[in-house]
Amino acid sequence: MNTKTTTIKNVKTLTLVAMLIAMSAVGAMIKVYNTVAFDSLPGYFASLYFGSYIGAIVISLGHIFTALTSGFPLGIPNHIIIAVSMAVCAYFYSLVYKKFNSYVAVAVGTILNGPVATLIFVPQYGWGFFIQMVLPLTIASFTNVLLASIIYKTVLKMTKR
């Protein structure tokens with residue numbers, strides 16, 4: 001591959017990733033409950049389309065946008081922990097999708113980003129926080145991972161034409 005072709009491919013990838021980050025910022029404005037929003041869909045999609053590491057970056061930035069637009073209600077350090085946990089979720093979502101199938105990946109992504117991610121804060125905030133956050137977070141997580149999977153499959157079909 002010559003240098004010009006490689007450069008064009010890198011610019012295209014960078015542009016698409018920047019667009020997904022921008023979509024995360026827009027999704028951060030669509031709140032479900034508190035800091036639960038539709039910011040992670042582009043990150044989950046990126047983890048499937050570009051790979052788990054790029055997806056982890058996109059999804060982490062998406063959560064930071066949501067926290068920023070919500071006023072960092074849990075404090076900046078806790079929202080950084082959440083961003084890292086979402087990066088881990090995107091990483092495993094991509095891994096499970098490629099190793100098994102979309103159904104298993106949607107289940108794993110939902111469970112990791114819903115109940116498991118909420119459990120991280122039980123020692124700090126107690127079970128009341130868990131009960132308050134687990135349902136909206138699980139519903140939003142399911143919606144985000146499912147839509148990412150559907151969009152990814154659609155994009156693959158469209159690009160094979």
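The model is predicted. It holds seven helices and two strands, and read along the sequence these elements follow the pattern α-β-β-α-α-α-α-α-α. The radius of gyration of the protein is 16 Å, close to the 15 Å that the globule rule gives for 161 residues, so the protein is as compact as a globular protein of that length.

**Overall dimensions and packing**

- Along its principal axes, the C-alpha trace of the protein spans about 55 × 30 × 25 Å.
- When contacts between residues at least 6 apart in sequence are considered, 67% of them join residues at least 24 apart.

**Helix α3**

- Helix α3 covers residues 52-70, which makes 19 residues, and from its first C-alpha to its last it reaches 27 Å, close to the 27 Å expected at 1.5 Å a residue.
- The buried residues of α3 are Ser52, Gly55, Ala56, Val58, Ile59, Ser60, Gly62, His63, Thr66 and Ala67.
- As background to such a list, an α-helix has 3.6 residues a turn, so residues three or four places apart point the same way.
- Just after α3 comes Gly71, which takes a positive phi of about 85°.

**The enclosed cavity**

- The count of cavities of 30 Å³ or more comes to one, and the largest cavity has a volume of about 260 Å³.
- The lining of the largest cavity is made by 20 residues, of which Val36, His63, Ile82, Asn113 and Leu137 are the closest to its centre; His63 is also among the buried residues of α3.
- Two or more residues of this lining come from each of β2 (36-37), α4 (76-99), α5 (102-119) and α7 (127-159), and α7 gives the most, with six residues.

**The open pocket**

- The largest pocket has a volume of about 210 Å³.
- Its lining consists of Leu16, Met19, Leu20, Met23, Leu41, Pro42, Phe45, Tyr49, Phe50, Ile151 and Val155.
- Helices α1, α2 (41-49) and α7 each supply at least two residues of the lining of this pocket, and α7 is also the element that gives the most to the lining of the largest cavity.

**Two residues in their surroundings**

- Asn78 has its place in helix α4, one of the elements that give two or more residues to the lining of the largest cavity.
- With a relative accessible area of 8%, Asn78 lies under the 20% cut-off and is therefore buried.
- Leaving aside residues up to four places away in sequence, Asn78 touches Phe121, Gln124 and Tyr125.
- Val26 has its place in helix α1 (residues 3-28), a helix that supplies at least two residues of the lining of the largest pocket.
- The relative accessibility of Val26 is 56%, which is over the 50% cut-off, so Val26 counts as exposed.
- Val26 and Gln124 are 98 residues apart along the chain, and their C-alpha atoms are separated by 30 Å, whereas Gln124 is one of the residues that Asn78 touches.

Note on methods: Residues numbered from 1 in each chain as written. Predicted model: local features only at pLDDT ≥ 70, side-chain atom pairs only at ≥ 80, totals over all residues. Heavy atoms only, no water. Helix = DSSP H or I, 4+ residues; strand = E, 2+ residues; numbered from the N terminus. Rg over C-alpha atoms; globule rule 2.2 N^0.38 Å. Contact = heavy atoms within 4.5 Å. Expected span 1.5 Å × (residues − 1). Buried < 20%, exposed > 50% of the residue type's maximum accessible area, 1.4 Å probe, protein only. 1 Å grid on protein atoms, 1.4 Å probe; cavity = no way out; pocket = protein on both sides within 12 Å on 5 of 7 lines; lining within 4 Å. Points joined across faces, edges and corners; volume = space filled by probe spheres on them.
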